[in-house]
Amino acid sequence: IPVEPFDLVIFGATGDLARRKILPGLFHRFRAGQMPPDAKIIGSARSDIDSAGFRELIAAAIGEFIPEELRPAELVSEFLNHLSYVHIDAMGETGWSELRGILRPEAVRTFYLSVSPSLFGAIAERLSHNDIATLESRIVVEKPFGHDLTSAQALNKDLLRHFDEQQIYRIDHYLGKETVQNLMALRFANSLFEPLWNSTHIDHVQITVAESIGVAGRGGYYDQSGAMRDMVQNHLMQLLCLIAMEPPSKFTSNSVRDEKVKVIEALEPVALDDIVRGQYRSGRDNQSYFDDVENANSRTESYIALKLAVGNWRWAGTPFYLRTGKQLRDRASEIAVVFKDPPHNIFPNKMEGRKGNALIIRLQPDEGITLRTTIKEPGPGGMRLTEVDMDMSFADALGDSLMSQDAYERLIMDVIRGDQTLFMRGDEVEAAWAWADPLIAAWEDANQRPVPYDPGSSGPEEALMLMHRGGRRWRPIG
Ligand code: BG6
């Protein structure tokens, strides 16, 4: 379905995210016929190039990031016709009136800030003072949205001075992933799971976002953040919210986000003993965190595992284990909902190594759902039990093409449509920082150093112990 006419201004349009994700994403939507014929995409940055130079840059990006069979030359050149460029100095006065002249009064004006958060306030202010932003305009901001609660509050304040909350779209690209949205469909469009979705039936939940890449190339940013700020406060927190939240009464942005905020606010304080922070190390130079961030004294974690408790009626007594890290053995993200054992065993033969019922939602790669069930082992050996997986791959069931849509494609189109459901509200981001800040302060106060782990492993031994202490086990990564 084509969206309404829009003028999209991308600040930071010559940067990495714009070249890798935003513009290739827009090209895909153009190819799918979703872009109105008169849509304007206006790149802007400090680089002193012109529209022709910008089109060349984006043609090269499309060539680099989109497979050849998906980008026929005539389609690419039609797409490039939508592009123009204005040289703007975000902190100065250059370029703003030129931008105002290009924008059409009747089109939805969207300003995408793919720039450092330190520029959010300055750009918002200039958009407003130069009469470029209207009451219908939208502003999109990228992470990191703050470094802690105070800085997030300051960013919110800067944006809210010139835009209403309904105009602000804070991106968490995990919410644009097909399988992440599917969590809501799975929970709230089926009657099968909801009656079991509580601490009476669920022993624990494991949320894993494992990455095989390291931090080489972005060490400067990463060393100031670490896995907690880079992944847990935002992406894993969103996954936790979608798994733990109460059913919203309607599928509207505020009903959904109200329920998510309640989960974050219900999180119990976390003891330092329930947190494991790791750093990849090895004798081989190219695989040591210290080398990747060029800081041999760094205390920043490239891995973190935590045990959390959601203090509410539904979840009291069911721990949520979260883990994420770099340089792990595989790129694999999943949520495992592990059920309790049946209350009484009628079968005489004890099953060795029984793991129990589990619903495993694979987020990436090979998106799908697995239900681990116990059945009789076939054959004449009596009533022996074994476990099998009922396995569904979304690509097999629904086709590859739907699954391969990138998070950014969907999110940008949602902005144009004015749908905020998959974006973080200001209070949600602040609640997540209010939760994360004391944890970070606790390990900083304790002068804690992360424990080492081998690149290509499943993370530090200590993280296994965190699970073992509760008589549980992590699922293998990948
Ligand atoms: C980003 C983090 O937000 O998400 C990166 O800054 C991380 O460190 C990335 O690698 C992971 O995203 P995805 O979509 O590859 O799982």
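Author: Contact here means heavy atoms within 4.5 Å. The model is predicted, so that local features need pLDDT of at least 70 and side-chain atom pairs count only at pLDDT 80 or more, while totals for chains, interfaces and linings use all residues. Residues are numbered from 1 along each chain as its sequence is written, and side-chain values use heavy atoms, with hydrogens and water left out.

By that contact criterion, and setting aside residues up to four places away in sequence, I360 touches E334, I335, A336, G368, I369, T370 and R475. I360 lies in strand 12; strands (E, at least two residues) and helices (H or I, at least four) are DSSP runs, numbered from the N terminus. With a relative accessibility of 2%, I360 counts as buried, a term that means under 20% relative accessible area, against over 50% for exposed and partly exposed in between, with a 1.4 Å probe and protein chains only. From I360 to L411 there are 51 residues in sequence, and the C-alpha atoms of the two are 26 Å apart in space.

The sheet around this residue is the next level of description. Strands of a sheet pair through backbone hydrogen bonds, either parallel or antiparallel. In this model, 9 strands make up an open sheet of mixed pairing, in the order 14-13-12-11-7-10-9-8-15; two strands count as paired if DSSP finds at least two bridges between them. Strand 14 (385-393) and strand 15 (451-453) are the edge strands, each pairing on one side only. On average, neighbouring strands of the sheet are turned by 20° against each other, direction ignored.

Helix 7 (residues 178-188) packs on this sheet and touches strand 11 (332-339), strand 12 (358-364) and strand 13 (368-376). The direction of helix 7 makes about 150° with that of strand 12; axes are lines fitted to C-alpha atoms, for helices over the stretch in contact, and angles run from 0 to 180 degrees between N-to-C directions.

Elsewhere in the sheet, strand 9 (residues 303-309) pairs with strand 10 (residues 319-325) in the antiparallel sense, over 7 bridges. Within strand 10, F320 stands opposite L308.

To return to the residue itself: I360 is buried at 2% relative accessibility, and its strand, strand 12, is one of those touched by helix 7.
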